[in-house]
Amino acid sequence: MATLADAGLIFSTQTHPMPASAEQRDAVLANPGFGTHFSDHMVTIEWTEGEGWHDAVVGPRQPIALDPAASVLHYAQEIFEGLKAYKQADGSIALFRPEANAARFNQSAQRLAMPELPEALFVEAIERLVKIDSDWIPAGEGASLYLRPFMIATEAFLGVRPAKRYKFIVIASPAGNYFKSGAPAVSIWVSDYTRAAPGGTGAAKCGGNYAASLVPQAEAISRGHDQVVFLDAAEHKWIEELGGMNLYFVFEDGTLLTPALTGTILPGITRDSLLQLAREEGLKVEEGKYSLDQWRDDATSGKLVETFACGTAAVVTPVGKVSDRDGAFTIGSGGPGQLTAKLKNRLVSIQRGEAADSHGWIRKIA
Ligand SMILES: *Cc1c(COP(=O)(O)O)cnc(C)c1O
């Protein structure tokens, strides 16, 4: 749906008249947490039917005015992405695979009947925000500037059809470690709810999927677990993913397995990166099906030695314990496993610019 004119869009820049003071910013950066603090600026780009993308602005972060009839508020026409800017070992700033986020954003846009954003424009918007707010990138292990590009339907119309107006926005949030407990391994609850059904929106990164995952996630927390894991909708047998992270299983012979992308699983960029890194390590990695029963049996017999979840926000997180209505089982020693730690280290050292980037995954910001 993008027009040729979109490619040469000119950004206007308005610097914040009253940015946070250096003291305020330093206080945030010393202990950023996750998702609660934001940088001074934001990017907005408008889309209107017939005109395409226009009015690209890097400006002060501020509330947005929406008509109460805006379709996003009623029918949830919304998609988003998540990626990080990292301080590199040499002091420069880099993004990790932003082109992959741009491509996935457009896949999500297609599924939600929204206009696609030219990939170069998506990446440029992010780069401009990171540049203007480069003082907001925390340093140190596990720290980054988390970027949240998203698109909403802004047309005031209550009829049910794709909207004719959209707003693309990017905001930035300094981030420390995702799991504030710093727990060495998470405990997960197997939900009776399902996240995604065949033909549904499971492979799209849309807010609606998350809205539907809140009750299952709250149930997991109330039962004393950290996260929820979803099984497939049809047979309630096959392991799919967590609410916002993909899963990997590690076996005693050193092979890895991750659920195949069948349309009900979000195609994680962390998942894909680890797939490539593990294969380069000479490991055998399969994409396939794995059932809850098999998982339990293999963990009990010792055939399965590690399980980890992965995603941009929490990177690589070991799973220590799995519970459902029938009981619980422990993975390996219940703590972080060796291969999990090794793969995480491989990935993080590339993201930090400490290891060679042989894949062209790192995009430095001038
Ligand atoms: C974003 C997301 C992931 C992880 O994707 P990354 O690209 O690795 O951050 C996994 N599952 C769901 C449901 C997600 O929304």
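Leucine 112 counts as buried in this predicted model, at 15% relative accessibility, where buried means under 20% relative accessible area, exposed over 50%, and partly exposed in between, with a 1.4 Å probe and protein chains only. Leucine 112 is located in the loop that joins α3 and α4. Helices (H or I, at least four residues) and strands (E, at least two) are DSSP runs, numbered from the N terminus. The C-alpha atom of leucine 112 is separated by 36 Å from that of threonine 255, which is 143 residues away along the chain. The model is predicted, and local features need pLDDT of at least 70, side-chain atom pairs count only at pLDDT 80 or more, and totals for chains, interfaces and linings use all residues. Residues are numbered from 1 along each chain as its sequence is written, and side-chain values use heavy atoms, with hydrogens and water left out.

The loop between α3 and α4 (119–132) also holds alanine 113. This alanine is partly exposed, with a relative accessible area of 33%. Arginine 97 is placed in the loop between β6 (93–96) and α3 (98–111), and is buried at a relative accessible area of 12%.

Helix α3 comprises 14 residues, and its first and last C-alpha atoms are 20 Å apart, close to the 20 Å expected at 1.5 Å a residue. The expected span of a helix is 1.5 Å times one less than its number of residues. Buried residues of α3 are Pro98, Asn101, Ala102, Arg104, Phe105, Asn106, Ser108 and Ala109. For α4, the 14 residues should span 20 Å at 1.5 Å a residue, and the end C-alpha atoms are 20 Å apart, which agrees. The buried residues of α4 include Leu121, Phe122, Val123 and Ala125; Ile126, Glu127, Leu129 and Val130 are also among them. An α-helix has 3.6 residues a turn, so residues three or four places apart point the same way.

Helix α5 (residues 207–222) contains 16 residues and reaches 23 Å between its first and last C-alpha atoms, close to the 22 Å expected at 1.5 Å a residue. A kink of about 35 degrees is located at leucine 214, shortly before proline 216. The bend at a residue is the angle between axes fitted to the seven residues ending there and the seven starting there.

The ligand has 15 residues around it, of which Lys205, Tyr210, Glu241, Thr270 and Thr312 come nearest. A residue is near a molecule or strand if one of its heavy atoms lies within 4 Å of it. By class, the shell consists of four nonpolar, seven polar and four charged residues. In this classification Ala, Val, Leu, Ile, Met, Phe, Trp, Tyr, Cys and Pro count as nonpolar, Asp, Glu, Lys and Arg as charged, and the others, Gly among them, as polar. A side-chain N or O atom of tyrosine 210 is 2.5 Å from an oxygen atom of the ligand. A nitrogen atom of the ligand lies 2.6 Å from a polar side-chain atom of glutamate 241. At isoleucine 269, a polar backbone atom is 2.8 Å from a ligand oxygen atom. The ligand taken alone exposes 380 Å², of which the protein buries 97%; accessible areas come from the Shrake-Rupley method with a 1.4 Å probe, and for residues only the protein chains shown count as cover.

Threonine 255 is situated in the loop between β12 (246–251) and β13 (256–259). This threonine is buried, with a relative accessible area of 16%. Its side chain makes a polar contact with the side chain of aspartate 253, at 2.9 Å. A polar contact is a pair of N or O atoms within 3.5 Å; within protein, one must be able to donate a hydrogen and the other to accept it, and residues adjacent in sequence count only if both atoms are side-chain atoms.

Valine 43, in strand β2 (residues 41–48), has 0% relative accessibility. Valine 43 and valine 228 lie 185 residues apart in sequence, with a C-alpha to C-alpha distance of 33 Å. Alanine 56 belongs to strand β3 (residues 52–60) and is buried, with a relative accessible area of 2%.
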